[in-house]
Amino acid sequence: MKWNAPNILTLLRMILIPFFVLFYFINVPDWNIYAAIIFIVAAFTDWLDGYLARKYNQVSNFGKLWDPIADKLLVLAALLVLMSWGRVAMIPVLIIVSRELIIGGVRSLAASKGVVIAADMSGKLKTVVQFVAIILLLLNDWPFMFVPVSIGTILIWVSAALAVYSCIEYMVKNAKVLRD
């Protein structure tokens, strides 16, 4: 691994995940606020590492491999905590996790053939919607708590729909890799 800022930020994101989960299990008062702060910092590192890698031409094989894995681990940990807390239903979590496993498999297959499949706009949009939904759910829909429906819950379902759409889009765009 090359020690540069983007790679260090990716490692930091992975290191933050256990601390995020720990706040749920130790059940300190307002644990969800502390967890939300950690999640926001981790989500910010996702944007920042990509920005720095592109701006300073520090794209690396480590980053190509571990950045998306760190993102998936962060989202999965958050969704499982939210599901355990009763804030998110199992169905959107299963949809989101299934999409990640399918895309991971397609990327692995493509990599075995020397093809790199970059994230596309629908996948990036899905991630942003997931991050916003998770933050809202952790904060009990603050600042939208007076709205009669949960904006965080709506966004989780939107991200599940985007997960399905982006999965189909990946499969169609990479049909040749899958056929060969």
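Tutor: This is a predicted model, in which local features need pLDDT of at least 70, side-chain atom pairs count only at pLDDT 80 or more, and totals for chains, interfaces and linings use all residues. Residues are numbered from 1 along each chain as its sequence is written, and side-chain values use heavy atoms, with hydrogens and water left out.

The largest pocket holds about 1600 Å³ of space. A pocket here is an open set of points on a 1 Å grid over the protein atoms alone, where a 1.4 Å probe fits, with protein on both sides within 12 Å along at least five of seven lines; its lining residues have an atom within 4 Å of a point. The volume is the space filled by probe spheres set on the points, which are joined across faces, edges and corners.

Two or more lining residues come from each of helix 1 (5–26), helix 2 (31–55), helix 3 (61–85), helix 4 (90–112) and helix 5 (121–138); helices are DSSP runs (H or I, at least four residues), numbered from the N terminus. Helix 3 contributes the most, with 13 residues. By class, 27 lining residues are nonpolar, eleven are polar and twelve are charged. In this scheme Ala, Val, Leu, Ile, Met, Phe, Trp, Tyr, Cys and Pro count as nonpolar, Asp, Glu, Lys and Arg as charged, and the others, Gly among them, as polar.

Two of these helices also pack together: helix 1 and helix 3 meet at an angle of about 15°, with their axes 9 Å apart. Helix 1 is therefore roughly parallel to helix 3, a term for angles under 35 degrees. Axes are lines fitted to C-alpha atoms over the stretch in contact, and angles run from 0 to 180 degrees between N-to-C directions.

Methods
Parallel < 35°, antiparallel > 145°, perpendicular 65-115°, else oblique.
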